[in-house]
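The following exercises concern the protein model shown below. Please work through each task before reading its solution.

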Amino acid sequence: MKNQRLFLILSFLLGLFNAQADDLDDFIRSQMQKRRIPGLSLAIIQDGKIVKAQSYGFIDKDGKVPVTTNTLFQAGSVSKSVAAMGALYLVEHNKLSLDENVNEKLKSWKVPDNEFTNDKKVTLRGILSHTTGLTVHGFPGYAVGTKLPSVVQILDGTAPANTPPVRVDFVPGSRWRYSGGGYTVMQQLMVDVTGAGFPEFMKNNVLSPLGMKNSTYQQPLTPELAKLTATGHYNNRKLVEGRWHIYPEMAAAGLWTTPSDLARFAISIQNAYAGKSGSVLSQSMTRQMLTDQKNRDGLGVFLQGDSTTLRFGHNGRDEGFDALLTASADKGQGIVIMINANDNSHMMGRIVDFIADYYHWDGFPAKKKPAAVDVDSKSLMAFEGRYELFNNRIVTFDADNQRLFTIEDGFVDEEFVPVANNKFTSTDRNVSVIFNPDANGNVTGFTLQDDDQRYERKVPRIGPLAGVHQTNADPDPSRTPKIMAALQAMVKGGKVLEEASGLTLGAKRDFAGGMREPETLKSLTFIHSENVAGRGIQRHGSDVSEIVTYQLKSNQPDTYILVHLTSDGLVTDCDLVER
């Protein structure tokens with residue numbers, strides 16, 4: 001009888017777990033459907049072990065080949081965290097020093113000295129924590145079949161490299177700025193001191209010792225490994241030509257891996273942090289890795305929480321792939337999510353919050369349910385439009401049925417309910433927006449309030465949704481051909497862009513490799529112009545004074561383009577939108 005009772009209890013608990021697991025799987029599938037994500041793979045860490053490794057969807061949008069837990073995804077900038085462990089391994093083996101001038105050990109290439117490096121030099125600690133002053137934020141990679149540059153060519157920005165040279169443009173250590181270019185310097189540094197190829201060194205000293213058997217920094221992949229990969233999709237869910245890009249900037253963006261392998265990497269950090277076996281780094285070095293250097297940045301990982309809820313992690317993006325890793329320092333918890341799409345929504349964050357709530361993890365804020373009030377439809381429509389959330393990152397609000405919804409990549413993302421006449425609160429997060437009118441009653445921006453982070457900041461308005469306006473008479477039709485010529489040069493990049501007029505220096509620098517979309521530009525039809533002078537909008541190093549909306553005739557039907565102009569009428573950026 002006792003055994004029968006025990007069996008019934010165990011059966012009940014197993015059934016309860018399966019029901020909850022089904023709830024988690026159903027939630028993930030619903031989020032994927034909402035955002036049209038072709039495939040997703042994840043791993044969940046609990047009590048220092050992988051308790052769930054699960055895959056969903058397909059390797060591409062054709063929906064024929066399912067994703068498995070062994071399907072390879074590109075890790076994007078999560079590659080930096082794993083590469084950082086390799087660099088710190090070399091520090092522990094006295095091959096590198098955290099605070100030495102990297103030029104002391106670099107052989108194939110040197111960081112060019114200039115007025116910013118007279119007193120302070122570029123160090124490995126600065127590279128790992130993004131405080132060196134080195135340029136180049138990230139890398140677009142190279143299409144399959146194109147000529148690949150060497151790392152030295154990338155660092156010098158010489159052909160066939162598609163990014164500017166990596167240089168120091170502020171005093172090392174004086175401030176924080178993200179730099180993939182810095183990690184490419186580190187890649188060359190590691191090759192120079194070991195004499196080994198970067199993929200081989202990382203495999204022998206990090207990946208294999210941690211049991212990351214499905215991971216490699218090989219770029220390009222061998223034909224055998226290429227068969228195991230997912231296919232990348234852009235934010236409009238268009239396939240990446242050639243299935244993915246190639247990244248010779250391996251340390252910054254070149255890791256192919258699985259969520260389970262990245263979970264093993266995270267567990268190794270947790271073990272070392274606690275003084276347990278199972279890592280390639282010592283406890284003292286791991287604790288340095290998880291110590292804030294500047295701006296909540298450790299050595300290769302970003303940090304969240306306080307001393308009792310400390311978490312480390314990194315997000316990643318390559319062309320067609322997004323990734324997320326977050327893990328506790330000392331509670332044996334963590335999540336890795338990888339998708340074969342670029343998705344600008346809060347989907348991954350919602351999945352993380354759902355999992356944290358399911359496992360009752362500390363350090364994740366409890367979600368408050370906002371109490372909605374009625375708002376008249378005319379007022380609601382006034383809040384529709386686009387806003388500059390932060391530099392080069394737009395948030396779009398669309399009004400529907402007494403609610404505001406953010407639109408990301410053309411798909412609905414986050415719901416905001418009215419809690420006052422001009423205040424709306426997210427149903428996903430403890431975040432609110434308060435819309436700010438000017439003296440004439442026109443909305444010029446909103447105040448973003450984050451209760452969890454305890455901060456607020458102003459977010460300026462870019463303009464209305466393009467579909468709100470019918471075609472209007474262009475107040476300055478003479479400038480449209482000049483803008484068209486500038487945009488065509490941005491599409492082509494290279495020497496055409498370098499010699500073009502009507503563009504800021506920042507636009508010429510940052511679009512040197514051309515624009516992926518639109519592939520063609522045939523004509524522009526004026527729709528709307530918004531004076532944004534004084535709102536604090538800046539693109540590619542220049543203040544934006546006016547944003548002009550055109551309907552665009554190109555290879556993409558029913559598309560609008562927002563052209564960002566300086567006070568002297570130079571084009572400094574553009575954004576493609578659907579409405």
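Helices (H or I, at least four residues) and strands (E, at least two) are DSSP runs, numbered from the N terminus. The model is predicted: local features need pLDDT of at least 70, side-chain atom pairs count only at pLDDT 80 or more, and totals for chains, interfaces and linings use all residues. Residues are numbered from 1 along each chain as its sequence is written, and side-chain values use heavy atoms, with hydrogens and water left out.

**Exercise 1. The whole chain**

Task: Describe the protein chain by its secondary structure, its radius of gyration and its buried residues.

Solution: 
- Step 1. The protein chain holds 15 helices and 24 strands.
- Step 2. Its radius of gyration is 25 Å, close to the 25 Å given by the globule rule for 579 residues, so the chain is as compact as a globular protein of that length. The radius is taken over C-alpha atoms, and the rule is 2.2 Å times the number of residues to the power 0.38.
- Step 3. The C-alpha trace spans about 80 × 70 × 45 Å along its principal axes.
- Step 4. Of the 579 residues, 54% are buried. Buried means under 20% relative accessible area, exposed over 50%, and partly exposed in between (1.4 Å probe, protein chains only).
- Step 5. Contact means heavy atoms within 4.5 Å. Among contacts between residues at least 6 apart in sequence, 62% join residues at least 24 apart.

**Exercise 2. Thr184**

Solution: 
- Step 1. Thr184 counts as buried because its relative accessibility is 0%.
- Step 2. A polar atom of the Thr184 side chain lies 3.1 Å from the backbone oxygen of Gly180.

**Exercise 3. Ser215**

Task: Is Ser215 buried or exposed, and which side chain joins its own in a polar contact?

Solution: 
- Step 1. Ser215 sits in the loop between α6 and α7.
- Step 2. Its relative accessible area is 10%, so Ser215 is buried.
- Step 3. The side chains of Ser215 and Asp261 are joined by a polar contact of 2.7 Å. Such a contact is a pair of N or O atoms within 3.5 Å; within protein, one must be able to donate a hydrogen and the other to accept it, and residues adjacent in sequence count only if both atoms are side-chain atoms.
- Step 4. Beyond four places in sequence, Ser215 touches Leu207, Leu255, Trp256, Thr257, Thr258 and Asp261.

**Exercise 4. Backbone geometry**

Task: Examine the peptide bonds from Ala159 to Pro160 and between Gln219 and Pro220, then the phi angles of Arg237 and Arg243.

Solution: 
- Step 1. Most residues other than glycine have a negative phi, and most peptide bonds are trans.
- Step 2. The bond from Ala159 to Pro160 is cis, with omega near 5°; Pro160 lies in the loop between α4 (151-156) and α5.
- Step 3. Gln219 and Pro220 are also joined by a cis peptide bond, with omega about -5°. Pro220 is placed in the loop between α6 (198-207) and α7 (223-226).
- Step 4. Arg237, although not a glycine, has a positive phi of about 70°. This residue lies in the loop between α7 and β5 (245-246) and counts as buried, because its relative accessibility is 7%.
- Step 5. Arg243 is not a glycine, yet has a positive phi of about 85°. Arg243 lies in the loop between α7 and β5, and at 27% relative accessibility it counts as partly exposed.
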